[in-house]
Amino acid sequence: MTSSVSAWIWSESFWLPENVSWADLEHPPAGVEYPRLQHMLYHAFPLAVGVSLLRLLFERLVAKPCAHILQIQGGVPRRAEPNAVLERLYQSNTCPDARQLEGLSKQLDWEERKIQRWFRIRRNQDRPSVKKKFCESMWRFTFYLGVFIYAIRHLWVSPWMWDTRQCWYNYPFQPLSPGQYNYYVAELAFYWSLMVSQFTDIKRKDFMIMLVHHLATIFLITISYGNNMLRAGTLVMCVHDASDIFLEAAKLANYAKYQRLCDTMFVVFSIIFFFTRLVIFPFWVVYSVLVESWQIIGPYQAWWLINGLLLVLQALHIIWFYLIARIAVKAIFKGKVSKDDRSDVETSTDEDISSNGSKNSCQTSKLRDSSNTNVLNGETHDH
């Protein structure tokens, strides 16, 4: 039964062009090697564990000392007064509504404003320090920078970077180079480590979205390696890594309170994002996968799936750029990328608003969430 399920998942008629079988790829000419998915997975899973361990060492030995030099403190949040009744409710509902506040006020003989203050302090007590966010961003910045430099060095001397039609000549019988293999294994291991660490890292509001994003990324990397679409795959990954470097740099500057540098890095990130994901990606990479591959090898079943996913990704790029551009405009015309309006850290302003009878702090936070996107305080990733 297992073999029949595997045969159905890896159906030749679905994943490969007409008249090509997996057996054809298992017997390359002498001196040539074709991708074998099991080989990459055997290396990627142990490497993902190694990447996670390397991250722990990097944060302890590099990122934390850098944070200390930049005088970024871990910070000890103010702790809420111990109260069994409020703590029990907090475990199921961190933002009580007006009816619950009224009931708690009668039960505890506390003013509603005091109860709201307790919940605000308790929520902030669970939130991560700026130092922790700084260490996470510094790790991602270092990885994106390193893997992007490696990819550019490999692609610069590759003919398909300058003539994307080379991605499809003699496809799928294209030899696997060490540079392609190393790049793929590194990216796959990194995203496996990100998916796992997401459960232990800073809890973000877009947790489920990013979980789906990581799974989709792993799926695309895996299937593009499995059917030897490596040339186009390396271009896709390289284009996406380019802008992430500057996003993480902007976050680092933001945490270190270098506002001018933060503004500059964010504007640079916005420009790089535009050219890589709204110009190069659709008119160079997607065009090659969609049009040039049709002309050279013709469509097949997996061709429709891969192009559909790339077009969905392009639609997301447009949405993300709209949100990013709104913040970049503030940086250019107002001279500051303001503290993200979706920040987890609440201020006394929220409490003052609620004490005046308009909205409680939770409602205020939701209003901010609905109108702005979080980029620089580390609650969302861009990949």
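Trainee: Among contacts between residues at least 6 apart in sequence, what percentage join residues at least 24 apart?

Mentor: The structure is a predicted model. Its secondary structure comes to 16 helices and zero strands. Among contacts between residues at least 6 apart in sequence, the share that joins residues at least 24 apart is 80%.

Trainee: How many residues does the protein have, and what percentage count as buried?

Mentor: The protein has 383 residues. Buried residues are those under 20% relative accessible area, and their share here is 48%.

Trainee: Are helices α8 and α10 roughly parallel or roughly antiparallel to each other?

Mentor: Helix α8 covers residues 130-156 and helix α10 covers residues 178-197. Their axes come within 10 Å and cross at roughly 160°, and the crossing is left-handed. Angles over 145 degrees count as roughly antiparallel. The two helices are therefore roughly antiparallel.

Trainee: How many nonpolar residues does the contact of α8 with α10 have?

Mentor: On the α8 side, the residues include Trp139, Phe143 and Tyr144, and those they meet in α10 include Tyr183, Phe190 and Tyr191. By class, the contact has four polar residues, one charged residue and, as the nonpolar count, 11.

Trainee: Over which residues does pLDDT stay under 50 with 55 contacts beyond four places in sequence?

Mentor: The average pLDDT of the protein is 81, and 81% of the residues score at least 70. Residues 364-373 have pLDDT below 50, with 20 contacts beyond near neighbours in sequence. The stretch with 55 such contacts beyond four places, also under 50 in pLDDT, is residues 339-359.

Conventions: Residues numbered from 1 in each chain as written. Predicted model: local features only at pLDDT ≥ 70, side-chain atom pairs only at ≥ 80, totals over all residues. Heavy atoms only, no water. Axes fitted to C-alpha atoms, helices over the stretch in contact; angles between N-to-C directions. Helix = DSSP H or I, 4+ residues; strand = E, 2+ residues; numbered from the N terminus. Parallel < 35°, antiparallel > 145°, perpendicular 65-115°, else oblique. Left-handed = near helix turned anticlockwise from the far one by under 90°. Contact = heavy atoms within 4.5 Å. Nonpolar A, V, L, I, M, F, W, Y, C, P; charged D, E, K, R; others polar. pLDDT = per-residue confidence, 0-100. Buried < 20%, exposed > 50% of the residue type's maximum accessible area, 1.4 Å probe, protein only.
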